[in-house]
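The sequence and model are shown first.

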Amino acid sequence: MSGLWSGLAIGFITEYYTSNRFSPVQGLVESCRMGAAPNIILGLALGYMSTIAPICLIAVTIWISFTFAGMYGIALAAIGMLGCLPVALAIDGYGPIADNAGGISEMSGLDADVRTNTDKLDAAGNTTAAIGKGFAIGSACLVSLALFGAYIVRVSEAQDSENKTYSVNVLQPTCFAGLILGAMIPYAFSAMTMAAVGEAANEMIAEIKSQFIKIKQGEPADPDRCVAISTKASLKKMIAPGALVIFTPVTVGLLFSKNALNGLLAGIIVSGIQIAFSFSNTGGAWDNAKKSIEAGTYRSAVP
């Protein structure tokens, strides 16, 4: 029950921070009067601020579920939050479907009103997608904590077989070093994926510019080339981030100790949940701010 109710509350909070009907996104729209820099600063601040309430809800959920049923209760709370997964996935696909419909209507030469209507649907889809991500992020935190607890139990059983007791102590230097290293991993992963997107975008823009020149000279456009750039980048440039996630725990556990791995896993969970909520809500808010401006909600003070 705690997982269900906290998931519902996280959805409402996500809607507040990402929907263009509420003041956070409206503030981003207004900030564009002074240029891109204020919009970027306020967008990042919005994302950081949006982590407070969901993190508090997840903390309460963990406390309640652990009090009543231990680590097993946390796993049940994750299942409770994932109980809404079919609905979350359905609303997560709403935005891309509306966006693609708008792109098809524009390329097909339909009336401008069609694109205007699909943009409104896409703006709603941005909010629903962010809500779906909120459910996924919250449940991922609970599942990660349950798996971490299972790992600690397994290590404890191994120690018991040797007539030794085992406990996690973050004040131990090795464990604390792993904690700091683990908190860095989500940032490294994010940097690698963002760099991959930036490099692919640069290549895409260069290709589009070259095709515009060819189109002016009477040659036909080649959309397959753009699709190939995106496909190649999505596969090739995700190798390094995937390797980081897979091999870092194995390397730390083998080269150092179980204590370092304890800290690593805990640091990844604590840091990853923060950056996930922040980036998800910032992106949704920026996207809806853009839709509001394109729809005519915003009128620049600069002629």
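How many aromatic pairs does the structure hold? The structure holds two, where rings of Phe, Tyr and Trp (its six-membered ring) pair if their centres lie within 6.5 Å.

## Basis

The model is predicted: local features need pLDDT of at least 70, side-chain atom pairs count only at pLDDT 80 or more, and totals for chains, interfaces and linings use all residues. Residues are numbered from 1 along each chain as its sequence is written, and side-chain values use heavy atoms, with hydrogens and water left out.

## Aromatic cluster

The ring centres of Tyr16 and Tyr17 are 5.1 Å apart and the planes stand at 80 degrees, so this pair is edge-to-face. For Tyr16 and Phe22 the centres are 5.6 Å apart with planes at 50 degrees, so the pair is tilted. Planes under 30 degrees apart count as stacked, over 60 as edge-to-face and the rest as tilted. Together, the ring pairs link Tyr16, Tyr17 and Phe22 into a cluster.

Relative accessible area is 16% for Tyr17, which is buried. Tyr16 is partly exposed at 35%, and Phe22 is partly exposed at 26%. Buried means under 20%, exposed over 50% and partly exposed in between (1.4 Å probe, protein chains only).

## Helix contact

Helices α8 (residues 173-216) and α9 (residues 223-236) have axes that come within 10 Å and cross at roughly 170 degrees. That makes α8 roughly antiparallel to α9. Helices here are DSSP runs (H or I, at least four residues), numbered from the N terminus. Axes are lines fitted to C-alpha atoms over the stretch in contact, and angles run from 0 to 180 degrees between N-to-C directions; under 35 degrees counts as roughly parallel, over 145 as roughly antiparallel, 65 to 115 as roughly perpendicular and the rest as oblique.

Contributors to the contact (heavy atoms within 4.5 Å) include Met204 and Ile208 of α8 and Cys226 and Ile229 of α9. The contact residues divide into seven nonpolar, two polar and three charged. Ala, Val, Leu, Ile, Met, Phe, Trp, Tyr, Cys and Pro count as nonpolar, Asp, Glu, Lys and Arg as charged, and the others, Gly among them, as polar.

How values were computed
Helices (H or I, at least four residues) and strands (E, at least two) are DSSP runs, numbered from the N terminus.
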